[in-house]
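Biologist: Hey, I'm new to this one. Could you walk me through it?

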Amino acid sequence: MAGRTYKSEAVVLRSLRFGEADRVLHLYTLERGRIGAVAKGIRRTKSRFGGRLEPLSHVELVLHQGGGELQTITGVELIHPHRSAREDNYRLGVGFVALEAMLRLFPEQEANPRAFEALTRFLDLLDEIERRPDSRAGVDPLVLSFQLKLLWLAGYLPHLTSCAECGAQKGLVGYSPRAGGAVCAHCRADSIALSASGLAGIEGLLRSPMADAAGLGLTARAGRDALSVIASSYEYHGGFRLKTLSA
Amino acid sequence: MLSPAIENLVAQLTRLPGVGTRTAHRLAFHLLRTPTDEALALAAALREAKERVRFCADCGNWTEEEICEICRDARRDRSVLCVVEQPADVMSLERTHEYRGLYHVLGGALSPLDGVDPEDLRMDDLFRRVDSNGIGEVVLATNPNTTGEATASFIADRLRGRVRVTRLASGLPVGGDLEYADEVTLGRALSGRREV
């Protein structure tokens, strides 16, 4: 059967050595969502791909879909290299968390233009962020905001305005991934503790655009609570933990 | 269709990097056609290499002794240490005949997505060597890709203020044409330009 060649915008999520001089790339494409593709000869110094296909790169690809599972990259144009994110250890750490979240939350070959737009917007903002004092990459407001929005796009938006079990409006003290939201003191069994600042912080992150995340004044406790909500949602709904968060 | 012995040989050959089933069949048939002593010499060489070759206790390069030839060589500059990801990188740098210092092989690069953390590499040995062996300069020669840059940046952060840290230059391949250079490489060549 003859293959099909098509063009798509894509973000490189992961790059693995393959064979003598090739790489297998995990890509999130605008046209087809998550795909795997081979970049032949890319590890050779005279490769025509050069440095365009590194993780975090936003590119326009020409892809060939043959009979196998992996597609083949036949052409690439750089839209944005996100070099300043790649060359700063803190930004790179934040970027890796986002890339792994995309890899794990959207494993299927299925277009999701809003997820793609969120990812490219995140990368644009990543180039500009500053390291917060005593802050780990996993609790940076930008990546917390991005992951909460991904949970929303994946259909796992946490319900935070009232108790997800009994509907009580006040006295919310925990988060239950099973119930899908915040819970009150009476319904707190199997939940993780959630402070008032954490609850307000998560609501703020969900309500505001990613560009405003750093300006929300998230406290250290609120950042940790947001991370707990995200991590427990991943574990409950997707059955995974992010390696980049345990590093 | 093939005998179990040939099937086994093919299966073992396909485990080599870059060798698919068809190439493995071709190699297996070639080995079967060659004289017995030649084929067995290959097997003996494999066994000998696996039994005798190990990592140098100082730098992590391949060696048959406790300490490799480069680390034992009194003519090498012991104040400069070049950090690479794999033993094969030592060979590439040695071929240049430009570098006369010592090496440190990390055994890979940091990759949070793959769960490769500093403790999975020979990082502690590197920092110990720098502190105790009178090293004046550390040359970071990890690969110019995302994981290699992350590794170089991590080491540079840890060694800042303790020793001079340099990074291999990035730029255009000698003999190439500018019009064929990709934006990333050309951009780095521009920002790393030097006065002549």
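This is a predicted model: local features need pLDDT of at least 70, side-chain atom pairs count only at pLDDT 80 or more; totals for chains, interfaces and linings use all residues.

Biologist: How many residues does the hairpin use to join β4(A) to β5(A)?

Modeller: The hairpin runs through five residues.

Biologist: And which residue stands opposite V62(A)?

Modeller: That's G75(A), in β5(A).

Biologist: What about β3(A) and β5(A), parallel or antiparallel?

Modeller: Strand β3 (residues 33-39) of chain A and strand β5 (residues 71-80) of chain A run parallel, and two bridges join them. In that pairing you can look for V38(A), which stands opposite T72(A) in β5(A).

Biologist: Okay, zooming out. What domains does chain A have?

Modeller: The domain assignment gives domain 1 (4-81) and domain 2 (84-245). Their C-alpha centres lie 28 Å apart.

Biologist: How many residues are in contact between domain 1 and domain 2 of chain A?

Modeller: On the domain 1 side it's 24 residues, and they meet 23 residues of domain 2. The two domains of chain A bury about 1,800 Å² between them, with 66% of it on carbon and sulfur atoms. In domain 1, Y28(A), R34(A) and L56(A) lose the most area to domain 2, together 41% of what that side buries.

Biologist: Which elements give two or more residues to the domain 1 side?

Modeller: For chain A, they are β1 (4-18), β2 (22-29), β3, β4 and β5. The largest share is from β1(A), with six residues. By type, the domain 1 side that touches domain 2 of chain A divides into 10 nonpolar, eight polar and six charged residues.

Biologist: Let's switch to chain B. How is chain B divided?

Modeller: Into domain 1 (4-52) and domain 2 (76-167). Taken over C-alpha atoms, 35 Å separate the centres of those two domains of chain B.

Biologist: How many residues of chain B are in contact with chain A?

Modeller: 23 residues of chain B, and they touch 27 residues of chain A. The area buried between the chains is about 2,100 Å², and carbon and sulfur atoms give 56% of that.

Biologist: Which elements of chain B give two or more residues to the side that touches chain A?

Modeller: Those are α7 (146-159) and α8 (183-191) of chain B. α8(B) gives the most to that side, with six residues.

Biologist: Last one: how do the residues on that side of chain B divide by type?

Modeller: Seven are nonpolar, nine are polar and seven are charged on the side of chain B that touches chain A.

Methods:
Residues are numbered from 1 along each chain as its sequence is written. Chains are lettered from A and ligands numbered from 1 in the order in which they are written. Side-chain values use heavy atoms; hydrogens and water are left out. Domain bounds come from an automatic or database domain assignment. Contact means heavy atoms within 4.5 Å. Buried area is the accessible area (1.4 Å probe) that two parts lose on being put together, summed over both. Helices (H or I, at least four residues) and strands (E, at least two) are DSSP runs, numbered from the N terminus. Ala, Val, Leu, Ile, Met, Phe, Trp, Tyr, Cys and Pro count as nonpolar, Asp, Glu, Lys and Arg as charged, and the others, Gly among them, as polar. Two strands pair if DSSP finds at least two bridges between them.
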